[in-house]
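Hi,

Here is the model I promised to pass on.

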Amino acid sequence: MKIIKGLITVFISFFIAGASNALTAYEIMKKVDERDTGKTQISKATMVLIDKKDRKRVRKLQLFSKDFENVDKSISFFTSPSDVKDTAFLSYDWEDDKREDDSWLYLPSMQRVNRIASSDKSNSWMGSDFTFSDVEGTELNDYNYELLAESDPVGGHDCWKIQSLPKSKDVIEKTGYLKSVFWVRKDALLIVRNIINVKKGKRIKYFSAKDIENINGIWTARTIQMVTTKNKKVQHSSVFKLDEVSYNKDLKDTMFEVETMQRGL
Amino acid sequence: MTRFFLINFLFWFLSVSLGGLLAQTDSSFEDQFFDDIEIDSDDESFKSSVELSKAEEDSVSRTFDISGSVSQGAIVGLGDPSDHFQREAKGVESVKTEIFLLSQGKHSENMKSKISAVVEYEWGGWENGSYSFEASQKALEVRDLFLDISHESGVWIRVGNQIIARSQLDSLKITDVVNPLDLSTPGLVDLKDLRIHVPAILLSTPLKSANLELVVIYDGGGNKNAPSGSSFDFANSILNQQGLYSETIDDEPQNKFEAVGRLNYRLNGGDLSLTIADVNWDSLTPRLLEIHGEVATIKQGYDRVKVLGLSGNLVRSDYLFKYEIALHDGRVFQRDLYTALPWSPHKQIVSGVGIEYNGISDIVLSGEISNTYMLDHNDSLFNSEFETGYILQARWTGLNDIVSVNGAYSKLTGDDSSIYTLFFEYDLTDNLKFDSQIALYDASSQNDFLFPFKKHDAIKGSLKYSF
């Protein structure tokens, strides 16, 4: 099971009223992990990449995902700018942890689908500050959790403050992350802030989820951002904004095939 | 005792209060990284209502857009080729402007079309020992021109001019036999321009746990070779050594129809494809040589080749393993001399394996080895019974994908020719991109394929504006 189901679900959460006060950090994270994110998600999004000189690059994309019996499948298409238009990324995230995830990338310039060796999730996802591990998710049981504060409000909403540490060096190698401290909003079981210590370059990344709405009973952060810093100075940042989103719409199984990438949207 | 207590208390107070103050300062400092990042939000597209109405969904399913690019590029030769070539000294090889236009239409949920074309304007050519703007050329090339029809069952038909790229390996053509290649400037052709579009019908359909692809090609043509007399005109380089100037005439293939069938399996951790094909081989071979005075006319023809192949990949941790193997039946091969006709028909087993390592952040290292084994080999043939070649590559992508550098070393299959290439790309803005590429050619023996071109080292640069 994935603790963070990735950008396609964009940190959405099932509303649980009056969540228990006596939960351990692990139990909280298990609830976050098990939240209902809808059987299918369809969204249109804008990703803005901003460098330290405040130069912006804007990418538009469409995202589709569907939960199958033992696998979560997702496919994303870049729709602009023109030089990355039709670039597509397909991913199968198997529930059985022993099975490696399957990923393919379609590059329109080559008109060819390439399979991707997916073990190293620490690389940047499409040039953003989000990594493949942010997008595809991480395993709940790969981490030790500690409840740092029972109550630490963010934006007027009561939150748990939790620290997670990877259980093994292998997990650090895979994700590139040494430590995370995050705030989980109690009413929404939604991670709204995260401070991440990155192994490479001793950088610190700051994640935040904003514009949180309850859509069809599913809590949805319509804006998420990740700021990468080094020596307390911003190196690069990325803003991912949901322009449109819908849940539980009918999506054909054939949408999540390699041929769909070749065919395009 | 009291004094000791006071000092201790003071120290404790300072450490606690200052520690708290410092922690507070650090926390406040960090808060700035959670502040809203100002972006130019498109209020129109950022809809407050997230549920699309039926009318909106219908409008989304019908779209039409136009995109394209304008690029200005130049190639400069770094060496002094022999006087067998138009450019016999260092200098500008090419100054080219390229306008690319692409239009995509989605006519309904199940029907799409795509058309793209490129206009190339070569500002001059090499004449009388220098690059002259008198010898300009222009060309229009239609690339994509197809209609896509799909069905909810997963059946998909694409009809028209298209690229069907299915290779695992880059070093040798093994099972990816649909599209001819642009070999006019080895090592300097953009990868996106490497394959040449062909008129074809592609039928793709799910078949139990697999996917079946059937391709019928009509008059697909052959590889694009260098124009006669230009830097990479292979036949010219051979015949010039005999004091002749060459002209080549391409014969029509006896059968303009070609067919390719592929059965693709997508498995957990790897893909597998079986290929069967009956195609006109894209690399034309000489059939007839006529010499009139100093002019040698070579008639070239297509070999009709049957292909039976297996290809696929396997992912293990940070490693991606790739493989292709095929039997090619119907190709002809050079005897001792290029001009000793007819060439000799032989079956050939062609194979290759590759490995790609993604375990270093932002870096991809890869290597491929390819082999050919000729059946019924005899000593009169120019090619050896068993030949091998390889490619080593390293690619780095940095600064959030703004810059990428790719270095490659290719040792050609069959002889000791090799090409070193270094490619650099930098995104100046979302729309403006600069790239540069250098290609260095090496060959030690006169029999090596690239020996006539060993002084053709060149550097290429281009600036592209996309819209």
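Before the strand pairs, a quick definition: two strands pair if DSSP finds at least two bridges between them. Helices (H or I, at least four residues) and strands (E, at least two) are DSSP runs, numbered from the N terminus. With that in place, Lys73(A) stands opposite Tyr92(A) in β5(A).

Some housekeeping: this is a predicted model, where local features need pLDDT of at least 70 and side-chain atom pairs count only at pLDDT 80 or more, while totals for chains, interfaces and linings use all residues. Residues are numbered from 1 along each chain as its sequence is written, and chains are lettered from A and ligands numbered from 1 in the order in which they are written.

**Chain A**

Chain A has 4 helices and 14 strands. Its radius of gyration (taken over C-alpha atoms) is 18 Å, and the globule rule, 2.2 Å times the number of residues to the power 0.38, gives 18 Å for 265 residues, so chain A is as compact as a globular protein of that length. The C-alpha trace spans about 50 × 40 × 35 Å along its principal axes.

For burial I count C-beta atoms placed from the backbone: a residue is buried if 20 or more others lie within 10 Å of its own, exposed if 12 or fewer, and partly exposed in between. On that count, 51% of the 265 residues of chain A are buried. Two residues are in contact if their C-beta atoms, again placed from the backbone, lie within 7 Å. Among contacts in chain A between residues at least 6 apart in sequence, 52% join residues at least 24 apart.

Back to β5(A), which covers residues 88–94. Of its 7 residues, 6 are buried, so the strand is largely enclosed by the rest of the structure. On one hand β5(A) runs antiparallel to β4(A) (residues 71–80), joined by 7 bridges; on the other, 5 bridges join β5(A) to β6(A) (residues 102–107), also antiparallel. The bridge partner of Ala88(A) in β6(A) is Tyr106(A).

Ala88(A) turns up again in the core. A nonpolar core here is a set of buried Ala, Val, Leu, Ile, Met, Phe, Trp, Tyr and Cys residues joined through C-beta atoms within 7 Å. The largest one has 66 residues, and those touching the most other members are Ala88(A), Leu90(A), Val184(A), Leu190(A), Ile191(A) and Ala209(A). Beyond its neighbours within four places in sequence, Ala88(A) is in contact with Ile75(A), Ser76(A), Phe77(A), Tyr106(A) and Met261(A). Another core lies apart from it, with 21 residues, among them Leu172(B), Leu202(B), Trp281(B) and Val307(B).

**Chain B**

Chain B has 3 helices and 23 strands, and 28% of its 467 residues are buried. For contacts with a separation of 6 or more in chain B, 56% come from residues 24 or more positions apart.

β2(B) (residues 91–108) and β3(B) (residues 111–122) pair in the antiparallel sense over 12 bridges, and a hairpin joins them through 2 residues. Lys106(B) stands opposite Lys112(B) in that pair. β3(B) also pairs antiparallel with β6(B), over 11 bridges, where Tyr121(B) is opposite Lys138(B).

**Where the chains meet**

In all, 47 residues of chain B are in contact with 55 residues of chain A. On the chain B side, β17(B) gives the most, with 3 residues. That side divides into 16 nonpolar, 16 polar and 15 charged residues (Ala, Val, Leu, Ile, Met, Phe, Trp, Tyr, Cys and Pro count as nonpolar, Asp, Glu, Lys and Arg as charged, and the others, Gly among them, as polar).

Most residues other than glycine have a negative phi, and most peptide bonds are trans. These are worth a look against that:

- The peptide bond from Ser80(A) to Pro81(A) is cis, with omega near 0 degrees; Pro81(A) sits in the loop between β4 and β5 of chain A.
- Leu341(B) and Pro342(B) are joined by a cis peptide bond too, with omega about -5 degrees; Pro342(B) is in the loop between β16 and β17 of chain B.
- Lys202(A) has a positive phi, near 50 degrees, and counts as exposed, with 10 C-beta neighbours inside 10 Å.
- Asp211(A), in strand β12 of chain A, has a positive phi of about 45 degrees and is partly exposed.

Cheers
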